[in-house]
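Student: I have a structure to study. Can we work through its side chains step by step?

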Amino acid sequence: MRMPRGGRLFLAMCLGSLLVLVLYFQSITKPEPGVKTDSRPGKSRRSPLQTLYNGDQLELSAAQRSLQGRRELLEQACLSHTRKRRVLSPEDLKHLIVDDKHSLIYCYVPKVACTNWKRVLMVLTSDGRYTDPLAIPANEAHVAGNLRTLSEFSVPEINQRLRSYLKFIFVREPFERLVSAYRNKFTRRYNTAFHKRYGTKIIRRHRPNPEPEALQKGDNVSFHEFVQYLVDPRTQREEPLNEHWERVHSLCHPCLIHYDVVGKYETLEPDAQAVLRLAGVEGTLEFPTSGKSTRTDGNMAARFFKQISPFYQKKLFNLYRMDFLLFNYSTPEYLRTR
C-alpha cells in the first residue's frame, strides 16, 4: 500500500532529523586522519583534537590529566542521569563559538570567565587586528557578529566541525555562579536594562506591597526575591531563563555534544593554559588573569543563602541539580534542605 504524499514528506523530515542526531553523536573521541593542515603553504601540524588524543600520555601535564578525568566523569554522569535523547536545533548551538583557524569550538557560559575567553578567541580569529585580549573592551567582546557561532553553519558544516574540532567548555560551582550573576545584574546601579527587564517583574510578583518607585525602576531586588522568581513555575513557562542564570547543561548540552575539555573556574589559570597549549598558541598568547578583589566564592555564596529558607533552598537545588551532578560538584555544606 502506497503511503500518502504528506506521510512520505513527514517521514523524510523525521529521517533527516534522525540523521542529524546520529551525526551529532558521531562527535568522535579521536580525530579523522589528516583533518588539519596549517594555512601556510608547505606546512602541516596536528590539530588540537589530534594533539589531545594522539599525544604521548607520558607527556600530558597534570592539568591535561585532570581535564581527561573530568571528561570521563561527565560521560559517566550523562549515562547515569539522562534518559531522553533529542535532536539539536540551531537555537541549541548559539552558545558554541567557532575558531576555524585553530579548529576550536568553545561553548561560552556567562559568569564563567566568558568575557576573557571571547577576548582570546577574538585575538585568535582576527588575523592580526587584535593582539592583546585585555585591550579589547568587555562590551566589544559581547557584540554579536564579532565571533561566529556554530548555529550559523549548514548541517554538513556543523557536523564536520563537531567531528574534527576540539570542543571545550568551562564550568563553575552552580550556586557560586548564580550568586555572581545576581550580584552583577541586580546590585550594580549601571545594569538598568536588567533592572527594567527582570527587576520590575520580580518585584511585582514577589514583593508584598511594593513601593511605586521600586515597581518603576526594579533596581533593588533582594536575593530572596530572585530565588523566588527562579523557582516560580511561571518563570520558565513564559520564557527561557536568561543565559546568566540558565543551567549550563541547558546552554551547552554536554550529554548531546561530546566536549573534549571540561575546564573549571576554580582552576581557571592552569585549565586555560592547557587549552592554549592544545591550540598551539602557548607562549604567544596568555589568558587574562582576573583582577577582581571581591570574586564570588563559596563563603560569599553561603552568606547569601543564609537569607533563604530550607524550602526554597531545596527547590533551587532541584532546579540546578543536573549541573551539580554532571560536573561533579558536591552539595554545598551550607544548604539546609530538610
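Tutor: Start with a definition. A salt bridge is a side-chain nitrogen of Lys or Arg within 4 Å of a carboxyl oxygen of Asp or Glu. Keep in mind that this is a predicted model.

Student: How far apart are N and O in the salt bridge of E238 and R205?

Tutor: The cut-off is 4 Å. The side chains of E238 and R205 meet in a salt bridge, with an N to O distance of 2.2 Å.

Student: How many residues apart in sequence are the parts that E238 and R205 tie together?

Tutor: R205 lies in helix α8 (residues 192-206). E238 lies in helix α11 (residues 233-238). So the pair ties together parts whose separation in sequence is 33 residues.

Student: Which residues are joined into one network with R205 and E238?

Tutor: Some salt bridges share partners. Through them, R205 and E238 are joined into one network with R197, K201 and E239.

Student: Is D127 buried or exposed?

Tutor: D127 forms a salt bridge with K101, the closest N and O atoms being 3.5 Å apart. Exposed means over 50% relative accessible area. D127 has 65%, so it counts as exposed.

Student: And K167 with D260: are they buried or exposed?

Tutor: Their side chains meet in a salt bridge at 3.2 Å, N to O. K167 is in strand β4 (residues 166-171), and D260 is in the loop between α12 (248-252) and β5 (261-264). Both K167 and D260 are buried.

Student: What kind of aromatic pair do F175 and F317 form?

Tutor: Their centres are 6.5 Å apart, and the planes are at 75°. Planes over 60 degrees apart count as edge-to-face. So F175 and F317 form a pair that is edge-to-face.

Student: Why is the pair of F223 and F226 called tilted?

Tutor: The ring centres are 6.3 Å apart. Planes under 30 degrees apart count as stacked, over 60 as edge-to-face, and the rest as tilted. The planes of F223 and F226 are at 50°, so the pair is tilted.

Student: How many residues does the largest nonpolar core have?

Tutor: In soluble globular proteins, nonpolar side chains tend to be buried together. Here, W117, F226, L230, W245 and L316 have the most contacts inside the largest nonpolar core. The number of residues in that core is 96.

Note on methods
Residues are numbered from 1 along each chain as its sequence is written. This is a predicted model: local features need pLDDT of at least 70, side-chain atom pairs count only at pLDDT 80 or more; totals for chains, interfaces and linings use all residues. Side-chain values use heavy atoms; hydrogens and water are left out. A nonpolar core is a set of buried Ala, Val, Leu, Ile, Met, Phe, Trp, Tyr and Cys residues joined through side-chain atoms within 4.5 Å. Buried means under 20% relative accessible area, exposed over 50%, partly exposed in between (1.4 Å probe, protein chains only). Rings of Phe, Tyr and Trp (its six-membered ring) pair if their centres lie within 6.5 Å; planes under 30 degrees apart count as stacked, over 60 as edge-to-face and the rest as tilted. Helices (H or I, at least four residues) and strands (E, at least two) are DSSP runs, numbered from the N terminus.
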